[in-house]
Each structure stands twice: as structure tokens, then as C-alpha cells.
Amino acid sequence: RPRAGEFDACEELPRDIISRMAEKKFLLASLPEAYGGLSLDPLYYGYLTEAITKACCSTGGLITVESSLVGEALFRCASKDLKDKWLPLMASGEKIGAFALSEPEVGSDAGAIRTRYQPEGSGFVLNGRKKWISFGAIADFFIVLASCGDQRTAFVVERRFDGVRTLPMKGLLARRASHVAEVELNNVHVPGENVIGRPGGGFSYVVGTSLDHGRYSIAWSGVAVAQ
């Protein structure tokens, strides 16, 4: 709370705050302790989100993105290898994830997305543009939803992959320290093991899981802002 104005003015959530939240196991609070979370039930997870967001919307938003959007999607939908790789790194604050669904002309309607993927060898090639991605400017990896024909598939796309570019969005009305960004994907090669769930299951399975949990968390944030 004492630094919330500083975060808003600088449009940045400092690394030391993220590290302190990781030490308290807030980043994946709703997930099991085995993955670095607090195993909070929905009510107490809501209380945590409310308390943090009343002090700083951007800081509360980090919990929503890491725990509800990215964390729950990986925990409930991803392979054991993906879970074992990313969830401990997220819990420790070493790696930040972002949920890349919305696009310049598309909100949360996954059926209308224009980002495309094509199978190539044992993997896939992605092309497209995402927008309004919270913590996209500092994320180490993204859960990206893309389409191929009438199929929607979710992928783990790492920032280090060739063809990934982020463009920070400044001067927003609120939550200025949420590192909101656009994400460009230009012929990005993604290995087959980075598919979350199965090809074609991104819309009903992965996005449904993420948005169900994310909207619940955002509702608690709304209560906090109203108070």
C-alpha cells in the first residue's frame, strides 16, 4: 500500500515486490503446496485477492494472472512435464507467465481469434498479434490461443523463441503497473510438447478453465475497488 502511488506513476511493478509475494506463496495461492502454492480454497483465495487489490490494483492483478489464468490452466490442463517445468518457476517468482487470448479486434471470444497456427514437422508455427495482455511486457512465457481451420489450440510460447516480440502499452486509465503489452508472433516455431491439453481443445478446455477462474478472481478485485 505505501508504494502503490509509486507503482502507478512509474508504470512498473518492481521485482522486489514480485519476489516478496513469491516468498509468501501468493503468486500461486490457489494451487497445491506441492507446486509452491498455499492450497487456498476459493473463499480464502478471494479474501487474499480482495485485500491485495484494495492496496494496489496492479499487484492484485499479478495474483489473478499468475494463479487464476496461467496457473490454473497449467495445473488442470497441461501435461505433467509442462506443470513440473513451469509451476515451480512461477511460484518462486523466477518466471512470469501471461495469458495471451485477446487481440486488437477480439476480446475474450476465443472463437473469433485471428492468430493462426500450422503443423510443421513435430511442432507448429504460429503467426498473429495479441493485445491487452497483462504482464505481457515482462512475461517469460505466454499461454497463446491460436486457430487452424475450426480448431482452437493453446500453446506455451516462450519469450526466447525466435519471432516473439512485445510492445508495452503506456498511459492506461488504471492498473498502469500491470505491464500490459501487445505480443507479436512472426513465424514462431513451437515444439509439439508445448501444446496444452490436446490440439483442438483450447477453446472449451483451456480457455474455459482460465476464464472461469480469472473472472472469479476479477470479481473479488471489483469488490475491492468498490470498497
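User: Is Leu43 buried, partly exposed or exposed?

Analyst: In this predicted model, Leu43 belongs to helix 3, residues 42-55. Because the relative accessibility of Leu43 is 40%, its class is partly exposed.

User: How much accessible area do Leu43, Tyr44 and Tyr47 have together?

Analyst: These three residues form a nonpolar patch on the surface. A residue of a patch needs over 30% relative accessible area, and Leu43 has 40%. Together, the accessible area of Leu43, Tyr44 and Tyr47 is about 310 Å².

User: Which element gives the largest share of the lining of the largest pocket?

Analyst: The largest pocket has a volume of about 510 Å³, and 18 residues line it, with Leu69, Trp132, Ser134, Leu211 and Ile218 nearest its centre. Two or more lining residues come from each of helix 4 (57-77), strand 3 (123-133) and helix 6 (202-226). The largest share is 4 residues, and the element that gives it is helix 6.

User: How many residues in the lining of the largest pocket are nonpolar?

Analyst: The lining of this pocket includes 6 polar and 2 charged residues. Leucine and tryptophan count as nonpolar, and Leu69 and Trp132 are among the residues nearest the centre. The number of nonpolar residues in the lining is 10.

User: What is the volume of the second largest pocket?

Analyst: The second largest pocket is lined by 15 residues, and Arg1, Ile17, Met21, Ile52 and Thr59 lie nearest its centre. Helix 1 (4-10), helix 2 (15-23) and helix 3 each supply at least two of the lining residues. By class, the lining has 10 nonpolar, 1 polar and 4 charged residues. The volume of the second largest pocket is about 330 Å³.

User: Is Glu11 buried or exposed?

Analyst: Glu11 lies in the loop between helix 1 and helix 2. Its phi is positive, near 55 degrees, although the residue is not glycine. Because the relative accessible area of Glu11 is 18%, and the limit for this class is under 20%, the residue is buried.

User: What is the phi of Arg175?

Analyst: Arg175 is in the loop between strand 6 (164-168) and strand 7 (181-191). At 26% relative accessibility, Arg175 is partly exposed. Arg175 is not a glycine, yet its phi is positive, with a value of about 50 degrees.

Methods:
Residues are numbered from 1 along each chain as its sequence is written. This is a predicted model: local features need pLDDT of at least 70, side-chain atom pairs count only at pLDDT 80 or more; totals for chains, interfaces and linings use all residues. Side-chain values use heavy atoms; hydrogens and water are left out. Patches are made of residues with over 30% relative accessible area and no salt bridge: like charges are joined within 9 Å, nonpolar side chains (Val, Leu, Ile, Met, Phe, Trp, Tyr) within 5 Å. Accessible areas come from the Shrake-Rupley method with a 1.4 Å probe; for residues, only the protein chains shown count as cover. A salt bridge is a side-chain nitrogen of Lys or Arg within 4 Å of a carboxyl oxygen of Asp or Glu. Buried means under 20% relative accessible area, exposed over 50%, partly exposed in between (1.4 Å probe, protein chains only). On a 1 Å grid over the protein atoms alone, a cavity is a set of points where a 1.4 Å probe fits but cannot get out, and a pocket is an open set with protein on both sides within 12 Å along at least five of seven lines; lining residues have an atom within 4 Å of a point. Grid points are joined across faces, edges and corners, and a volume is the space filled by probe spheres set on the points.
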